[in-house]
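This briefing looks at a ligand site and at one strand with its pairing partners. Please have the structure open while reading.

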Amino acid sequence: MSIIGIDLGTTNSLACVYREGRAELIPNELGEYKTSSAVSLLKDGSVLVGAAAKERLITHPESTAASFKVWMGTEKAFSLGGRTFKPEELSALVLRQLLEDARRYLGEPVEEAVISVPAYFNDDQRCATKLAAQLAGLTVKRLINEPSAAALCHRQGAQTGDCQLMIVDFGGGTLDVSVVDCFENIIEITAIAGNNRLGGDDIDRAIAAHFCRENGLSEHRLDPVALASLYRQAETAKIALSGAPAAAMALQLEDRQFSLVLTPPLLRQLCQPVFQQVRAVISRALKDRARTASIDDVILVGGSAQLPVFGDFLEELFGRRPKVAAKPDEIVALGVGLCAGIKARDEELQDLVMTDVCPFSLGVATCNSIYDKTPHMSFLISRSSMLPAVHRDNFYTLWDNQRALRFEIYQGEGYFASENLKLGELEVQVPPGPAGEQYATVTFTYDIDGILHVSAKSSGGDYRERLILNPHLHLTPEEQHRALERIGQIQLAAQGSQQEQFLLDKALSLYQQSLGPWRDAIGGLIYYLQSLGDYSSTARRRAWAAAQERLEQIEAQLQADPLSGDGFWGDFDPYEDTEDEED
Ligand code: ADP
Ligand code: MG
């Protein structure tokens, strides 16, 4: 029985099998490798998946759904012909279709798969993906990050020596930027950054909005059929521009005809807000990476990487034009197929080792003293740590004769624990004693399959451990109600405190963006600002002013733009090696 690799994409999904020494894409019934990730419910209760469903986005928008991967791990419900579906249920239907095509092609049933997910997917989104597979009757052997898969495929094909690659995957609904270190037979992701709400769809929307503006139409007054057709036209025109100097769009509404001619300069202008966000993500990936050696090559993958204006934009950013992968929209699937081969212990692939990084930080909520009312994060595993990761730390009692230490476990980048996603909790008993004497050692182990193992051992010998299973996938109606109520209870800040609030917010946001010593320094400052509540007013004002100055210094150093040339890029030159060949 074969294990297959699946690229479960926002826009398109592909399946791949490793056999006879190579990764082989599996065609669907139409003979195509790409299956649109669209689902449509028919009158008789059956479901269409793929190109036909994508067509029905226009003709039957009320019973068709697409781009649901963007909502994986959330409570969003899709209504299809009066029935509601969760994103993981719709993904399960796409998976069932891919499995059916694979069974037909391979002549045997498939029950195991490796599935790729965006590197930036958090635990909720990964769990939702596993749940989707479960609903499709599939055992997931491993989830692999899409850029790891792309790097694996690139490495296999290019037969390059040791190198550091930047992979920019720009698809329909997600952007992933990763830095990958290829060293001997090891492929190691050393930094990742992404935005799972940014992709070609946003460009289509920008074109559609411009079409409406130019034609004096109001986008939100268009009926769903007209709107879907407008988006389709926007996408078609955008893709046509990859090979033609201009593309025309036309929309017939009742008896009137509306039109627009799309040209590269116009497209470039419309893409500007999207590209600015791309720039921010690239910058973050460069800041996070563990090693600052120069990037040898930038590889563009994903459907939107084929946009010439995207290449232009990156060329301006990097000073050289990045390479577009040979098959930008198939490379991830081919890599997942290779990974499936590794899982199936194919001999030729045995010595290829892949490591990943943790896409988010993990830690426990702590208080610095009994006066500290808002628990903040103590991170045990920070974002971009190499996996598998094991880290431990000691936590001490806060008051005399404290009998237990309770640890709330969170995932996320926020300074305050409450800003992050709570994953679970653990409590150990400690012997009585003066405050700060007794303690517990907490150990986090996060493995390559995304399972978090937490254990705590107290100075008295009490030991507890748990595997974190994501609790956020199955909220009951009461829980939902409670979550809503919690938001309703939050009060608006008083006017006078705005300046201070602004400073605090800025510190909190810088905290989220930074890592390591920077994060520690900003964390210390936040704690200090928080503790100022008790001072008299002049002392307090002086302290805030000093804190502001310090924060500005940190910000200036932290935001020394890694793309501006000094610092992070170093001697970055993506074409160092290929230059001679071109001449
Ligand atoms: P995902 O990984 O998100 O499923 P893909 O990598 O398949 O998506 O990319 C889909 C996106 O690529 C869509 O937004 C589509 O409009 C865009 N796209 C596909 N082909 C081209 C092309 N030749 N030029 C520009 N954009 C393209
Ligand atoms: Mg993709």
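Predicted model: local features only at pLDDT ≥ 70, side-chain atom pairs only at ≥ 80, totals over all residues.

Which polar backbone atom is 2.8 Å from an oxygen atom of ligand 1? The atom belongs to Gly172.

- On its own, ligand 1 has 580 Å² of accessible area, and the protein covers 91% of that.

**Shell around ligand 1**
- The shell holds 18 residues, and those coming nearest are Thr11, Gly172, Glu235, Lys238 and Gly303.
- By class, 13 residues of the shell are polar, three are charged and two are nonpolar.
- Helices α5 (200-214) and α6 (224-240) each provide at least two shell residues.
- The element giving the most is α6, with three residues.

**Strand β20**
- Strand β20 spans residues 362-366 and is mostly covered, with five of its five residues buried.
- With strand β21 (residues 376-381), β20 forms an antiparallel pair over five bridges; within this pair, Val364 is bridged to Ser378 of β21.
- With strand β23 (residues 404-411), β20 also pairs in the antiparallel sense, here over three bridges; Gly363 has Tyr410 of β23 as its bridge partner.
- In a regular strand, side chains alternate between the two faces of the sheet.

Technical notes
Residues numbered from 1 in each chain as written. Chains lettered and ligands numbered in written order. Heavy atoms only, no water. Buried < 20%, exposed > 50% of the residue type's maximum accessible area, 1.4 Å probe, protein only. Helix = DSSP H or I, 4+ residues; strand = E, 2+ residues; numbered from the N terminus. Pairing = 2+ DSSP bridges. Near = heavy atom within 4 Å. Polar contact = N/O pair within 3.5 Å; in protein donor to acceptor, adjacent residues only side chain to side chain. Areas by Shrake-Rupley, 256 points an atom, 1.4 Å probe, with all protein chains shown as cover. Nonpolar A, V, L, I, M, F, W, Y, C, P; charged D, E, K, R; others polar.
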